[in-house]
Amino acid sequence: MLVLEKSVLVHASEELAYTCWLHVERFPDFMEEAESVQRLDKMRLRSRVNCEGQSLEYETEVTVEIPHHRISWRIHSGLKGSGAVVFDEREPGLTLVTLGMILDPSRCAVDEQKMQALLEAHMMRDLQRFK
């Protein structure tokens with residue numbers, strides 16, 4: 001399993017950063033590996049990502065939602081893993097956004113060490129674009 005965590009400071013309130021994250025259909029606008037994200041209902045999403053040229057589809061379920069502060073999820077099908085994004089307002093208009101994930105990379109045709117480096121780089125670039 002891969003354990004990943006990256007953070008970025010954004011010039012926005014905790015509430016605004018959280019609200020922007022809720023627009024999951026826009027993930028492909030700032031997440032380079034995201035091909036599509038579809039909201040199935042209030043708690044479930046279907047996503048398709050590009051993993052080194054291989055298109056993978058999976059469903060996630062939100063397991064914890066603390067408005068304006070934290071969203072946690074578990075992957076139910078397609079891939080194995082879980083994750084969370086936390087919004088921590090450090091001062092008015094400045095929020096630390098931390099994205100953490102635990103993923104099983106076995107469905108990708110890349111060795112685990114290379115996958116760790118690739119995903120960490122993707123996460124950092126994605127968070128910078130979210131900013």
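Okay, let me start with a pair of side chains: Glu 35 and Arg 48 meet in a salt bridge, 3.1 Å from N to O, where a salt bridge is a side-chain nitrogen of Lys or Arg within 4 Å of a carboxyl oxygen of Asp or Glu. The two sit in distant parts of the chain, Glu 35 in strand β2 and Arg 48 in strand β3, 13 residues apart. Strands here are DSSP E runs of at least two residues, helices are H or I runs of at least four, and both are numbered from the N terminus.

Quick word on the source: this is a predicted model, where local features need pLDDT of at least 70 and side-chain atom pairs count only at pLDDT 80 or more, while totals for chains, interfaces and linings use all residues. Residues are numbered from 1 along each chain as its sequence is written, and side-chain values use heavy atoms, with hydrogens and water left out.

So how exposed is that pair? Glu 35, at 34% relative accessibility, counts as partly exposed, and Arg 48, at 32%, also counts as partly exposed; the cut-offs are under 20% relative accessible area for buried, over 50% for exposed, and partly exposed in between, with a 1.4 Å probe and protein chains only.

Next, Arg 44 has a salt bridge with Glu 59, closest N and O atoms 3.4 Å apart.

Seven strands form an open, antiparallel sheet, in the order β1-β7-β6-β5-β4-β3-β2; strands pair if DSSP finds at least two bridges between them. β1 (2–10) and β2 (34–39) are at the edges with a single partner strand each, so one side of each has no neighbour in the sheet. For β2 and β3 (residues 44–51), the antiparallel pairing runs over five bridges, and Val 37 stands opposite Ser 47 in β3.

What lies across β1, β3 and β7? That's helix α3, residues 112–130, running at about 20° to β1; axes are lines fitted to C-alpha atoms, for helices over the stretch in contact (heavy atoms within 4.5 Å), and angles run from 0 to 180 degrees between N-to-C directions.

Last one: Arg 125 and Glu 32 form a salt bridge at 2.7 Å, N to O. Arg 125 is in helix α3 and Glu 32 in the loop between α2 (27–30) and β2, 93 residues apart.
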